Amino acid sequence: MIVLDQVTKEFKSKKRKIIGVDNVSLTIEQGEIYGIVGYSGAGKSTLLRCMNILERPTSGKVFVNGLDLMTLSGSELRSARQSIGMIFQGFYLVSSKTVYENVAFALKAAGVPNHKIKPRVTRLLELVGLSDRAGQYPAQLSGGQKQRVSIARALANNPKVLLCDEATSALDPNTTKSILALLKKINHELGLTIVIITHEMEVVKEICHRCAVMQDGRVIEQGATYDIFSNPKEALTRKFIETVLDFQLPEQLLDSIDGKLIRLHFWGDLAADAIVSDMLQNFEVRGNILHGKVEYIRDEPLGIFVMEIKGDEKVTQDAIDYLKKRVSKVEVIKNG
Ligand SMILES: Nc1ncnc2c1ncn2[C@@H]1O[C@H](COP(=O)(O)OP(=O)(O)OP(=O)(O)O)[C@@H](O)[C@H]1O
């Protein structure tokens, strides 16, 4: 479990003071995958680095697994960091060492006796799907494979927490998916708490149980990923969501619509088609579905349909009221 209590990080240069993280309080539960999303400069990296005191907060408290990290001495902090693994966008593998040696190095540095190193590295390479690459050098690996080595290295000393700094940002979409699947597996099998910072909402949608949105050093919105996707409160959150769930209709089509245009949200397992066809049978209106899609947030369905309804004003309103009682959310986008 990670608790950040009113954490602020200021950077001072001769000329000015920059606030990287501004009074952030967050609780990340043991065993969850937590995403922190924001544009470049929002303070994500700084916040993540405050979680293992690679960046020492100017004020506030940081607790990881019950330890108050700000009060630890240098050597206590080094030992506490063994239970906090970290991976990066740039992998940071040692190019002159093989895959096996890169992982073994983390164990040697932690003082693990030699006879325990080989079985441990073998198990870790198996876990990340690289058993057949042990003797290869980083230059012989793809980006996804390099990230797998860095995950094995980060897990070497059995951490309870894994911090991921834009871990998939340098990878193509398919490789990103396979690395996210690996992180999901590790979270599930080892019960590891995973914190991911990213500017890609797709990453959050795919694997995060909960997430926070950052802007100008502050957390402006946080919650369960499904709630954030289905009912975002802040304009910036909506903007991030639109990068994944794009329901914009072409201007030309919008101009040609003379009925009422509505957007229907179906949360969970509501049967969208059945509800819409019931409405059309019960009310004398014509309906035309212009856009309809079911997306999966982690593994939970979220359906969004955009439709035009035409008919007598009163009957149309009754039809919309009928829908409001049956679907999760109805928005009138254009009044016609
Ligand atoms: N060492 C530093 N010295 C001075 N300013 C810094 C330092 N590190 C970060 N900052 C500033 O703090 C703010 C937050 O930066 P940070 O790197 O945490 O943002 P980010 O959301 O991770 O962005 P990116 O994805 O581009 O890394 C920025 O204004 C940045 O310029």
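Which residue forms a salt bridge with Glu202? In this predicted model, in which local features need pLDDT of at least 70, side-chain atom pairs count only at pLDDT 80 or more, and totals for chains, interfaces and linings use all residues, the partner is Lys205, with the closest N and O atoms 3.5 Å apart. Residues are numbered from 1 along each chain as its sequence is written, and side-chain values use heavy atoms, with hydrogens and water left out.

A salt bridge is taken here as a side-chain nitrogen of Lys or Arg within 4 Å of a carboxyl oxygen of Asp or Glu, and the structure holds 13 of them. Glu202 and Lys205 are three residues apart in helix 7 (residues 201-207), and are therefore separated by about one helical turn; helices (H or I, at least four residues) and strands (E, at least two) are DSSP runs, numbered from the N terminus. Glu202 is partly exposed at 34% relative accessibility, whereas Lys205 is buried, with a relative accessible area of 7%, where buried means under 20% relative accessible area, exposed over 50%, and partly exposed in between (1.4 Å probe, protein chains only). Through salt bridges that share partners, Glu202, Lys205, Lys293 and Glu295 are joined into one network.

A further salt bridge is formed between Arg218 and Asp22, whose closest N and O atoms are 3.1 Å apart. Arg218 lies in strand 10 (residues 218-224) and Asp22 in strand 2 (residues 17-28), so the pair ties together parts that are 196 residues apart in sequence. Arg218 is partly exposed at 40% relative accessibility, and Asp22 is likewise partly exposed, with a relative accessible area of 23%.

The domain assignment, which is automatic or taken from a database, gives domain 1 (2-243) and domain 2 (251-334). The C-alpha centres of the two domains lie 40 Å apart, and their contact (heavy atoms within 4.5 Å) takes 12 residues from domain 1 and 13 residues from domain 2.

A nonpolar core is defined as a set of buried Ala, Val, Leu, Ile, Met, Phe, Trp, Tyr and Cys residues joined through side-chain atoms within 4.5 Å. The largest such core has 54 residues, of which Ile151, Leu183, Met201 and Phe229 touch the most other members. Because domain 1 and domain 2 both give residues to this core, it lies between them. Leaving aside neighbours within four places in sequence, Met201 is in contact with Val37, Ile228, Phe229, Phe240, Ile241, Thr243 and Val244. A second, separate core of 29 residues includes Val24, Leu26, Tyr34 and Val62.

Thr198, in strand 8 (residues 193-198), is buried at 2% relative accessibility. Not counting residues up to four places away in sequence, Thr198 touches Ile36, Val37, Gly38, Lys44, Glu166, Val203 and Val204. A polar atom of the Thr198 side chain lies 2.8 Å from the backbone nitrogen of Glu200, a polar contact being a pair of N or O atoms within 3.5 Å, where within protein one must be able to donate a hydrogen and the other to accept it, and residues adjacent in sequence count only if both atoms are side-chain atoms.

An oxygen atom of the ligand lies 2.5 Å from a side-chain N or O atom of Ser40, and a polar side-chain atom of Thr46 is 2.5 Å from a ligand oxygen atom. For Ser45, a backbone N or O atom lies 2.8 Å from an oxygen atom of the ligand.
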